[in-house]
Amino acid sequence: MTGPGVAGPRARGAEARGPEAPDVDEVRRAGPLIVTEDLGLLDDLLRLCAAAGVEPEVHHRAPERRAAWTDPPLVLVGDDAAARCRGAVRRPGILLVGRDRDDPGLWRLAVEIGAEGVLRLPDAEGLLVDRIADAAEGAGRQALTVGVVGGRGGAGASTLACGLALAAAGTGRRTLLVDGDPLGGGLDVLLGGEREEGRRWPDFAASKGRLAGGALEESLPSVRGVRVLSWGREPAPPVPPEAVRSVLAAARRRGGVVVVDLPRGTDRPTAEALAQLDLGLLVVPGELRAVAAAHRTAAVLGTAVRDLRAVVRGPYATGLDERWVADALRLPLVGELPYDPGIVADQDAGLPPGAAPRGPLGRFCAAFWERVLTPGGAA
């Protein structure tokens, strides 16, 4: 062991990292303070820090400089060093880590040093990686994640998804727009950002486990204040379900708003996306055939989406209105998506749907977020 500091641990952590991870994980962030003299335990903790994409500080005992103890986002105290940490200033985010399953004194030591809990390796490795990464990213409230699905083909789901993302970004919130339909032509094209540099879905096909949310965000193209994860122009293999899970989980940890444009099918990757939605919006044109198709879609989505609601789009068949359509689908009504005659002209001029805040779509999306994002509000 090299003594207090980071030079030795950083080098050893890189060696202990294991198989090469996707480039999005290469960004290293300030990590926890590790207090231990147990070389075996230190090796384990360095490996877990590397998996979380962070670089730790390592000390033999609680550091004398107060800031070195209080500033790190997390403190991992080895069971061998707990006694040497008695008397250190109390702070949140202390975990006592050990490998002895039969030591009943660990909890007493944890209380004495103000630890929030006791983790025993190797059983708690997955949990500890998550705690390390959450602390380093300053994880707080997860992003409100809204999925948009068409009740039938051509219902306008992608148009609404783009409008919602632009309206959310207009409020100053961190906003990520995710293209969940590999056959949809690319939301980056709809937004006018197909030439923007950044990663697309195929770049994440090999992703497994936990991705760093900040690095994910910085790797994506930015269009009009919206980070966009879309598909490339070239044919590519399907993105596995575990990659979809990993990417969306990373996006949600950053907070703000995530809007996902989803296909009507329910293959395994789509099912992973549906499982992470806070709210699903089913876009339904006001015609009988569309309502019949949407009824089947709603039946499938209802088993996977915790909160599914209807957005109804005119013009309407005789005798139908937005309330009739929502009632027929037995879904809460978000509202009527207004007809926006300027969308086609805007797209010809290179403007994405909803780019005009005072246009019909822009006003609808702004009103939606005002209700949803207001404490105690409801769509």
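In the predicted model, the axes of helix α9 (residues 241-253) and helix α10 (residues 268-275) approach to within 8 Å and cross at roughly 25°. The two helices are therefore roughly parallel, and the crossing of α9 with α10 is right-handed. The contact is formed by Pro241, Val244, Arg245 and Leu248 of α9 and by Arg268, Pro269, Glu272 and Ala273 of α10. By class, 5 of these residues are nonpolar and 3 are charged, with no polar residues. Within α10, Thr270, Glu272, Ala273 and Leu274 are buried. The elements covering these buried residues include α9, β10 (257-262) and α11 (288-301).

A search of the whole structure found 18 salt bridges. One of them pairs the side chains of Glu125 and Arg47, with an N to O distance of 2.7 Å. Glu125 belongs to helix α5 (residues 125-137) and Arg47 to helix α2 (residues 39-51), so that distant parts of the chain, 78 residues apart, are linked. Arg47 has 28% relative accessibility and therefore counts as partly exposed.

A salt bridge also joins the side chains of Asp278 and Arg306 (3.9 Å, N to O). Because Asp278 lies in the loop between α10 and β11 (279-285) and Arg306 in the loop between α11 and β12 (308-313), the pair ties together parts 28 residues apart in sequence. Arg306 is exposed, at a relative accessible area of 61%.

In a further salt bridge, the side chains of Asp307 and Arg309 meet at 2.6 Å, N to O. Asp307 is partly exposed at 23% relative accessibility, whereas Arg309 is buried at 15%.

Key. Residues are numbered from 1 along each chain as its sequence is written. This is a predicted model: local features need pLDDT of at least 70, side-chain atom pairs count only at pLDDT 80 or more; totals for chains, interfaces and linings use all residues. Side-chain values use heavy atoms; hydrogens and water are left out. Axes are lines fitted to C-alpha atoms, for helices over the stretch in contact, and angles run from 0 to 180 degrees between N-to-C directions. Helices (H or I, at least four residues) and strands (E, at least two) are DSSP runs, numbered from the N terminus. Angles under 35 degrees count as roughly parallel, over 145 as roughly antiparallel, 65 to 115 as roughly perpendicular and the rest as oblique. A crossing is left-handed if the near helix is turned anticlockwise from the far one by less than a right angle, and right-handed if clockwise. Contact means heavy atoms within 4.5 Å. Ala, Val, Leu, Ile, Met, Phe, Trp, Tyr, Cys and Pro count as nonpolar, Asp, Glu, Lys and Arg as charged, and the others, Gly among them, as polar. Buried means under 20% relative accessible area, exposed over 50%, partly exposed in between (1.4 Å probe, protein chains only). A salt bridge is a side-chain nitrogen of Lys or Arg within 4 Å of a carboxyl oxygen of Asp or Glu.
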